[in-house]
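Please look through the sequence and the model below before reading on. The account takes up a ligand site and then a pair of helices.

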Amino acid sequence: GGENLGEANTADRSKDEFLATLAHELRNPLAPIRNAVELLRRTAQQSSEIERVQEIIGRQVGHMTRMIDDLLDVSRITLGRIVLHKERIRLDVLLQQSVEAARPAIEAARHELTVSQLAEPVELLVDVTRMSQVIVNLLDNSAKYTAPGGRIWLSAWREGDEVVVSVRDTGEGIAPQLLPRVFDLFTQADSTLERRQGGLGIGLTLVERLVKLHGGSVEARSAGSGQGSEFLVSLPVASSAPADDPMHDPPRQAEASPGARHGRRILVADDNVDAAESLSLLLQASGHEIRTVYDGAAAVEEVQRFRPDVVFLDIGMPRMNGYDAARAIRALPGGRDVVLIAITGWGQAEDRRKAAEAGFDHHLTKPADPEVLHRLLEEVGTGRTAARPGTAG
Ligand SMILES: Nc1ncnc2c1ncn2[C@@H]1O[C@H](COP(=O)(O)OP(=O)(O)O)[C@@H](O)[C@H]1O
Ligand SMILES: [Mg+2]
């Protein structure tokens with residue numbers, strides 16, 4: 001009856017809350033590991049052995065980060081905590097972007113990919129990042145569950161007011177008894193010790209939930225084991241109202257400006273000592289002058305002494321959290337000129353909004369990609385960072 005359903009929902013909800021917390025906590029140790037690997041990479045006098053070891057750690061951290069991101073995503077969607085940022089995009093542009101992201105996996109397995117596009121251009125109204133995540137997940141699966149040297153087709157056609165995107169492969173196929181459950185969380189065909197493929201069985205759950213959030217549907221087809229598979233995603237076509245911005249704006253690339261990367265004064269505040277130290281060492285190795293503190297109150301004090309150009313603040317910190325520290329720094333004389341960067345385990349839209357309200361200029365999710373950090377600091381050096389939300393100007 002209704003009571004049982006209520007209990008099941010409560011149990012589901014605490015499971016989802018647990019998954020969200022688990023994913024968040026698992027991200028924290030990844031940040032210092034990633035920083036440490038990057039630091040090692042930059043150290044001179046490398047032996048080829050050390051170089052290979054670094055590559056292995058770097059690759060595995062990347063792999064783990066992606067799995068944890070999936071786990072975090074799926075629990076957030078379930079808890080209704082994902083906000084879609086929809087924009088108009090041409091289908092062929094979306095498919096092209098997705099192919100680029102999936103290409104390494106496809107090429108590594110020496111598969112032959114055939115892309116067939118619609119003759120006439122069609123526009124969708126979608127969250128571009130999320131929808132390309134959907135298509136990349138399907139292409140990755142085809143690459144993964146097809147023996148090397150197989151074939152993959154990505155094609156699209158129109159059916160009335162909908163567009164159907166199909167990802168088909170000549171791979172291992174899906175047994176009839178598994179087919180109805182492939183979109184369920186943690187479902188995998190082969191959980192034996194011998195199975196070749198990693199993964200958590202989250203990808204297709206994410207695909208289905210994201211497509212549903214977009215008002216579409218997804219279907220899996222396979223004639224059985226060894227017979228290949230096909231995944232069909234149906235999405236509503238955007239109404240033909242004239243679009244201001246039909247193409248997705250590619251992120252602007254900061255031109256490297258000589259001198260910009262040197263001599264910034266940077267304060268790092270994080271109560272995770274390893275995270276704070278490794279980030280500080282990394283920034284120092286890039287030629288910046290660094291101070292490191294381990295709580296929010298110390299950060300506010302150090303801003304007055306050290307007068308940094310840039311401050312990295314963790315959010316969850318003892319004595320004073322990152323939001324309050326940001327507000328306190330903004331209230332200091334000259335505090336409006338400091339570039340404030342939140343660097344946290346939480347990357348939800350809600351957290352970004354809170355960070356902007358507290359006066360942060362930027363919000364990075366741990367583990368921050370060293371490349372992204374580097375580019376951000378170059379932008380800061382040229383004074384071309386985004387307009388500061390929550391403050392005048
Ligand atoms: N293209 C495909 N061909 C064969 N099996 C697939 C394909 N895509 C998904 N599957 C099956 O569905 C399961 C769930 O996929 P997914 O949710 O992406 O998780 P994961 O890839 O992490 O195992 C896979 O473990 C696999 O058994
Ligand atoms: Mg997968």
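This is a predicted model: local features need pLDDT of at least 70, side-chain atom pairs count only at pLDDT 80 or more; totals for chains, interfaces and linings use all residues.

The ligand site comes first. Ligand 1 is surrounded by 19 residues, and the closest of them are N141, Y145, D169, Q188 and L204. Sorted by class, this shell consists of eight nonpolar, nine polar and two charged residues. Three elements, α4 (128–144), α5 (203–213) and β7 (229–236), each contribute at least two residues to the shell. The most comes from α4, which supplies three residues.

In the side chain of Y145, an N or O atom is 2.8 Å from an oxygen atom of ligand 1. On the nitrogen side, a nitrogen atom of ligand 1 lies 3.1 Å from a polar side-chain atom of S229. Ligand 1 taken alone exposes 530 Å², of which the protein buries 96%.

The second topic is helix packing. Two packed helices are described by the angle between their axes and by the distance between those axes. Here the helices are α8, residues 322–331, and α9, residues 349–358; their axes come within 8 Å and cross at roughly 25°. Because angles under 35 degrees count as roughly parallel, α8 is roughly parallel to α9.

Which residues in α8 and α9 meet? From α8 they are Y323, A326, R327 and R330, and from α9 they are D351, K354, A355 and A358. By class, the residues of this contact between α8 and α9 comprise four nonpolar and four charged, with no polar residues.

Methods:
Residues are numbered from 1 along each chain as its sequence is written. Chains are lettered from A and ligands numbered from 1 in the order in which they are written. Side-chain values use heavy atoms; hydrogens and water are left out. Axes are lines fitted to C-alpha atoms, for helices over the stretch in contact, and angles run from 0 to 180 degrees between N-to-C directions. Helices (H or I, at least four residues) and strands (E, at least two) are DSSP runs, numbered from the N terminus. Angles under 35 degrees count as roughly parallel, over 145 as roughly antiparallel, 65 to 115 as roughly perpendicular and the rest as oblique. Contact means heavy atoms within 4.5 Å. Ala, Val, Leu, Ile, Met, Phe, Trp, Tyr, Cys and Pro count as nonpolar, Asp, Glu, Lys and Arg as charged, and the others, Gly among them, as polar. A residue is near a molecule or strand if one of its heavy atoms lies within 4 Å of it. A polar contact is a pair of N or O atoms within 3.5 Å; within protein, one must be able to donate a hydrogen and the other to accept it, and residues adjacent in sequence count only if both atoms are side-chain atoms. Accessible areas come from the Shrake-Rupley method with a 1.4 Å probe; for residues, only the protein chains shown count as cover.
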